[in-house]
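Trainee: Please take me through one part of this model closely, and then carry on from there to whatever else is worth a look.

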Amino acid sequence: MIAGVRGTLSAKSGERITVTTPGGVSYELSVPLGVLERLPAEGAAVDLRTVLVVRDDAWLLFGFDSDYDRSVFQRLLAATGVGPRIALALVSTLGAPRVVRALKESDFATLCTVPGIGKKTAERMVLELKDKFGDLAAPGGGTPTISPVAEQAVQALVNLGFAPPDADRAVRAALSVDGASGTAELIRGALKLLTRTR
């Protein structure tokens with residue numbers, strides 16, 4: 001079990017980052033959008049909590065900068081039909097506190113805004129997970145872990161006609177290249193990447 005990774009942030013690309021430990025071992029991790037926003041520049045020190053998901057075809061490592069986010073991710077995996085990619089999309093799109101609130105309040109509409117979540121999946125998640133978060137205290141009184149800037153940028157791109165997964169990936173990529181910036185700058189950077197791939 002790999003419970004955490006501490007070292008130098010050596011690469012950022014979309015949802016994946018690479019952390020190199022003092023011993024010279026490099027780990028590739030997938031992280032939620034909120035974590036990506038808060039990461040320092042490449043070359044800086046990072047300390048992340050991790051979840052290792054072992055499958056027949058791969059070992060996948062996911063990184064978080066708070067125990068709360070990691071716990072929410074782990075509990076999402078307990079739901080039928082929810083794999084690590086959907087759990088990551090939930091935490092990335094909504095932020096962990098908002099995911100928990102949506103499950104507790106049976107807010108199917110909010111859950112269905114996440115790429116890969118349909119009505120049946122949302123209903124099953126609420127049924128299985130609604131009462132599984134009572135012992136978790138949300139950090140900062142429930143402050144979302146995704147910034148309003150990134151959330152607004154993704155929503156603006158969706159309003160322009162881009163699919164939510166594409167908008168999410170483009171905002172991630174723009175953050176990786178330019179770091180955190182204003183909404184307008186983030187939208188422009190993401191649009192450049194989206195139009196380049198069309």
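Mentor: Let's start at the hairpin formed by E2 and E3, which has five residues between the two strands, and where Gly-24 in the turn has a positive phi of about 95 degrees. Helices (H or I, at least four residues) and strands (E, at least two) are DSSP runs, numbered from the N terminus. Before we go further, this is a predicted model, in which local features need pLDDT of at least 70, side-chain atom pairs count only at pLDDT 80 or more, and totals for chains, interfaces and linings use all residues. Residues are numbered from 1 along each chain as its sequence is written, and side-chain values use heavy atoms, with hydrogens and water left out.

The axes of H2 (residues 67–76) and H4 (residues 96–104) come within 9 Å and cross at roughly 45 degrees; axes are lines fitted to C-alpha atoms, for helices over the stretch in contact, with angles from 0 to 180 degrees between N-to-C directions. H2 and H4 are therefore oblique to each other, given that under 35 degrees counts as roughly parallel, over 145 as roughly antiparallel, 65 to 115 as roughly perpendicular and the rest as oblique. In H2, Tyr-68, Asp-69, Val-72 and Leu-76 meet Ala-96, Pro-97, Val-99, Val-100 and Leu-103 of H4 (contact means heavy atoms within 4.5 Å).

H2 also packs with H3 (residues 84–94): their axes come within 9 Å and cross at roughly 140 degrees, so H2 and H3 are oblique to each other. Here Asp-69, Val-72, Phe-73 and Leu-76 of H2 touch Pro-84, Ala-87, Leu-88, Leu-90 and Val-91 of H3.

Phe-73 leads us to the rings. Across the whole structure, a search finds two aromatic pairs, where rings of Phe, Tyr and Trp (its six-membered ring) pair if their centres lie within 6.5 Å, and planes under 30 degrees apart count as stacked, over 60 as edge-to-face and the rest as tilted. Phe-62 and Phe-73 make a tilted pair, 5.1 Å centre to centre with 40 degrees between the planes. Since Phe-62 lies in strand E5 (residues 59–64) and Phe-73 in helix H2, the pair ties together parts that are 11 residues apart in sequence.

Note on methods. Pairing = 2+ DSSP bridges.
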